[in-house]
Amino acid sequence: MTKIIAERYHDISCGHRVVGHEHKCKYLHGHNYRFTFTIEGEALDSLGRVIDFGVMKSTLCEWLENHYDHKFLMWADDPYLDTMMQLSEESMVVVPFNPTAENIAKHFLEEVAPQLLEGTGARLIKCRVDETRKCSATAML
Ligand SMILES: [Zn+2]
């Protein structure tokens, strides 16, 4: 049987640091992240779509705009957390994981997307997070 997926990407700018990193990713820095979403549906709708691309935008992409874009991802266990919160609490997004591309992709796939896509009949089966044009991580079901 032919399998059909729908994909869309979204770009945001976001800061992070990787706690315990051996090299320069331990520093406060950021990336122009690209998130690439792969959606699978139960069946094509009456128009022949996995999902309306506009729905991908209004759910997955908008969530990134509202929660991560121009913010700074801080692990809840990061020893810099208190200092960073004092400096600019409104800039911080406290996450329950060390914010590597891998963990960001996994969190989005497992925790964020299922809530956003509830009731659409579609599900995110793959989330790719590019930190640079050369490096990315992908979480998939
Ligand atoms: Zn980085």
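**Exercise 1. Which residue in β6 does Asp130 stand opposite?** Describe the strand pairing around it.

Before starting, note that this is a predicted model, where local features need pLDDT of at least 70, side-chain atom pairs count only at pLDDT 80 or more, and totals for chains, interfaces and linings use all residues. Residues are numbered from 1 along each chain as its sequence is written, and side-chain values use heavy atoms, with hydrogens and water left out.

*Solution.* 
- Step 1: Find the strands, which are DSSP runs of E with at least two residues, numbered from the N terminus (helices are runs of H or I with at least four). Strand β5 covers residues 122-130, and β6 covers residues 136-140.
- Step 2: Check the pairing, which requires at least two DSSP bridges between two strands. β5 and β6 are antiparallel, with 5 bridges, and a hairpin of 5 residues connects them.
- Step 3: Asp130 faces Ser136 in β6.
- Step 4: Now look at β2, which runs antiparallel to β5 and is joined to it by 8 bridges. Here Thr36 is opposite Arg128 of β5.

**Exercise 2. Work out which protein atoms hold the zinc ion.**

*Solution.* 
- Step 1: Look for donors, meaning N, O and S atoms within 2.8 Å of the metal (3.2 Å for Na, K and Ca); water is not among the atoms, so sites may look incomplete.
- Step 2: The NE2 atoms of His16, His29 and His31 lie 2.0 Å from the zinc ion.
- Step 3: Along the chain, the donors' spacing reads H-x12-H-x1-H. His16 in β1 (residues 5-16) and His31 in β2 (residues 29-41) link distant parts of the chain, 15 residues apart.
- Step 4: Judge burial, where buried is under 20% relative accessible area, exposed is over 50% and partly exposed is in between (1.4 Å probe, protein chains only). His16 is buried because its relative accessibility is 0%, and His31 is buried at 14%.

**Exercise 3. Decide where the buried residues of helix α2 (residues 81-88) sit.**

*Solution.* 
- Step 1: Leu81, Met84 and Ser88 are the buried residues of α2.
- Step 2: Viewed down the axis of α2, they fall within an arc of 65° (taken from the directions from the helix axis to the C-beta atoms), so they line one face of the helix.
- Step 3: Asp82, Thr83 and Gln86 are exposed on the other side of α2.
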